[in-house]
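Trainee: Please take one part of this model and go through it closely with me. I would like a single, connected account.

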Amino acid sequence: MLDRLHTPSSLLRLESDAPGVSGLKWRDHPARPPVGDEVQVRVRAVGLNLRDVLKALAVLPASSPPPVIFGGDVAGTVSAVGPDVVDKRPGDHVMGSGADTFASVVTLPSATLAAKPASLSFAEAATIPIAFLTAMYALHHVARVQRGERVLIHAATGGVGLAAVQLCEQAGAEIFATAGSEPKRALLRARGIRHVMDSRTLDFADEIVRVTGGAGVDVVLNSLYGEFLQRSLQCLGRFGRFVELGKRDIFENTRVGLGAFANNQTFRAVDLEQVPREHGTELLRQVLSDIERGALQPLPRHEFCADQVARAFRLMRSARHVGKVVVLLDANQEA
Amino acid sequence: MEKAEIRAVVLRHVRENVDGLEGVDIDTQKSMADYSASSLDIVEVVSASMRELEISIPRTRLSDVKNIDELVELFYQVKQQV
């Protein structure tokens with residue numbers, strides 16, 4: 001399979017027509033030539049996101065008719081550009097995101113791609129766009145987090161979680177973090193985070209009330225589901241901002257009581273795909289600028305080759321990963 | 001279909017989808033979460049089992065299930081009605 005991914009005449013795309021990780025298949029799919037402001041990219045690394053896993057399990061509905069296709073963070077080499085593209089040319093190394101990037105070649109609007117800093121490998125680059133853009137949009141654009149504020153970051157060792165940890169450290173916010181296993185919690189404590197709790201029991205809410213003397217936190221970045229969402233709402237202090245990053249409760253139309261908003265609290269859902277492209281590009285430029293000057297770091301990652309894509313999905317499904325899960329395509333190709 | 005057959009289907013999907021069960025006797029009085037299955041591991045076990053058994057059960061009914069035995073029992077009851 002991997003050999004076929006290297007052969008220009010045989011271009012593949014990841015598809016699924018049966019729910020479950022075992023339903024994932026690489027299938028032939030022709031490259032689409034770029035038109036207008038589009039850029040065609042030879043994909044080198046793809047970052048997996050929970051949305052892809054939820055789509056594979058049919059927990060989320062597919063956004064297009066079958067087969068289900070997958071995509072997220074991408075890093076690769078420009079292979080062709082549309083006539084209106086002025087800032088990229090074949091051979092450039094780029095990074096960004098798109099809905100169908102689990103493929104040998106993908107054609108995307110130029111604005112969704114930025115130049116990959118030379119200091120980053122393709123795999124490192126694929127850890128960055130969606131996690132950092134989500135965290136940056138949620139913390140700075142939506143929650144407008146201020147120095148000294150308390151931020152609860154759920155699932156803080158995941159991709160968005162670790163990006164949010166870095167951004168909170170940068171902003172001087174006080175971090176309250178949850179994670180689902182003791183090794184993950186130890187990792188967070190080793191970073192210097194004082195308030196680290198279990199994301200698989202509901203005790204975190206009492207712990208936050210106790211530690212904050214009943215004041216609660218100023219911002220919640222929520223990615224937990226069901227009762228965990230409800231308890232997290234109770235952790236929100238006066239003028240608190242609850243930012244919902246999860247998909248399942250939105251899709252399942254979970255109800256929340258308005259009593260949780262009695263003290264000027266706000267609930268806001270974030271779906272990065274709906275953020276205007278220009279805004280996303282500007283955020284990506286900011287993140288990459290901070291990464292180039294060493295103020296932010298690429299996320300830790302687990303790497304898989306294309307043949308192991310089911311293992312990659314399975315790792316994220318089992319929530320045993322730290323940081324990002326990256327699938328390498330064209331692993332043996334020269335830069 | 002006998003309940004034992006349904007149990008065998010469920011246990012096979014549990015073994016295929018939950019890490020660390022090689023050589024382990026699965027106690028069906030326990031929940032999959034007791035064996036460190038994530039919520040999405042459980043989604044996959046349940047949906048793969050239902051597909052194989054050719055049954056469909058709304059998520060609201062599944063949310064009351066407390067352990068593997070109760071899941072097998074629910075599948076058995078639904079299968080009897082098919």
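Mentor: Of the 82 residues in chain B, 27% count as buried. Keep in mind that this is a predicted model.

Start with the build of the chain. Chain B has four helices and zero strands. Read from the N terminus, its elements run α-α-α-α. The radius of gyration of chain B is 12 Å, close to the 12 Å that the globule rule gives for 82 residues, so chain B is as compact as a globular protein of that length. Along the principal axes, the C-alpha atoms of chain B fill a box of roughly 35 × 25 × 20 Å.

Now look at the contacts inside the chain. Take those in chain B with a separation of 6 or more. Residues 24 or more positions apart account for 61% of them.

Next, zoom in on one helix pair. Two packed helices are described by the angle between their axes and by the distance between the axes. Here the pair is helix α1 (residues 3-17) and helix α2 (residues 39-53), both of chain B. They pack at an angle of about 140°, and their axes are 9 Å apart. That angle makes α1(B) oblique to α2(B). The cut-off matters here, because only angles over 145 degrees count as roughly antiparallel. The crossing of α1(B) and α2(B) is right-handed.

Which residues meet in this pair? On the α1(B) side they are B:Ile6, B:Val9, B:Val10, B:His13, B:Val14 and B:Asn17. On the α2(B) side they are B:Asp41, B:Glu44, B:Val45, B:Ala48, B:Ser49, B:Glu52 and B:Leu53. The residues of this contact divide into seven nonpolar, three polar and three charged. Check the spacing of the residue numbers on each helix. An α-helix has 3.6 residues a turn, so residues three or four places apart point the same way.

Chain B also touches its partner. Nine residues of chain B are in contact with eleven residues of chain A. The side of chain A that touches chain B divides into eight nonpolar residues, two polar and one charged.

Finish with a few places in chain A. Most residues other than glycine have a negative phi. A:Arg144 has a positive phi, near 45°, and is not a glycine. Find A:Arg144 in the loop between α4 (129-142) and β9 (150-153) of chain A. A:Arg144 is exposed, because 11 other C-beta atoms lie within 10 Å.

A:Ala155 is not a glycine either, and its phi is positive, about 50°. A:Ala155 sits in the loop between β9 and α5 (159-171) of chain A. A:Ala155 is buried, because 25 other C-beta atoms lie within 10 Å.

A:Ala319 follows α11(A), and its phi is positive, near 55°. The buried residues of helix α11 (residues 309-317) of chain A include A:Phe313 and A:Met316. A:Arg314 and A:Arg317 are also among the buried residues of that helix.

One more loop residue is A:Val275. A:Val275 lies between β14 (266-269) and α10 (277-292) of chain A. A:Val275 counts as partly exposed, because it has 15 C-beta neighbours inside 10 Å. Leave aside its neighbours within four places in sequence, and A:Val275 is in contact with A:Tyr137 and A:Gly280. A:Cys305 is 30 residues from A:Val275 along the chain, and their C-alpha atoms are separated by 31 Å.

How values were computed:
Residues are numbered from 1 along each chain as its sequence is written. Chains are lettered from A and ligands numbered from 1 in the order in which they are written. This is a predicted model: local features need pLDDT of at least 70, side-chain atom pairs count only at pLDDT 80 or more; totals for chains, interfaces and linings use all residues. Axes are lines fitted to C-alpha atoms, for helices over the stretch in contact, and angles run from 0 to 180 degrees between N-to-C directions. Helices (H or I, at least four residues) and strands (E, at least two) are DSSP runs, numbered from the N terminus. Angles under 35 degrees count as roughly parallel, over 145 as roughly antiparallel, 65 to 115 as roughly perpendicular and the rest as oblique. A crossing is left-handed if the near helix is turned anticlockwise from the far one by less than a right angle, and right-handed if clockwise. Two residues are in contact if their C-beta atoms, placed from the backbone, lie within 7 Å. Ala, Val, Leu, Ile, Met, Phe, Trp, Tyr, Cys and Pro count as nonpolar, Asp, Glu, Lys and Arg as charged, and the others, Gly among them, as polar. The radius of gyration is taken over C-alpha atoms; the globule rule is 2.2 Å times the number of residues to the power 0.38. A residue is buried if 20 or more other C-beta atoms lie within 10 Å of its own, exposed if 12 or fewer, and partly exposed in between; C-beta atoms are placed from the backbone.
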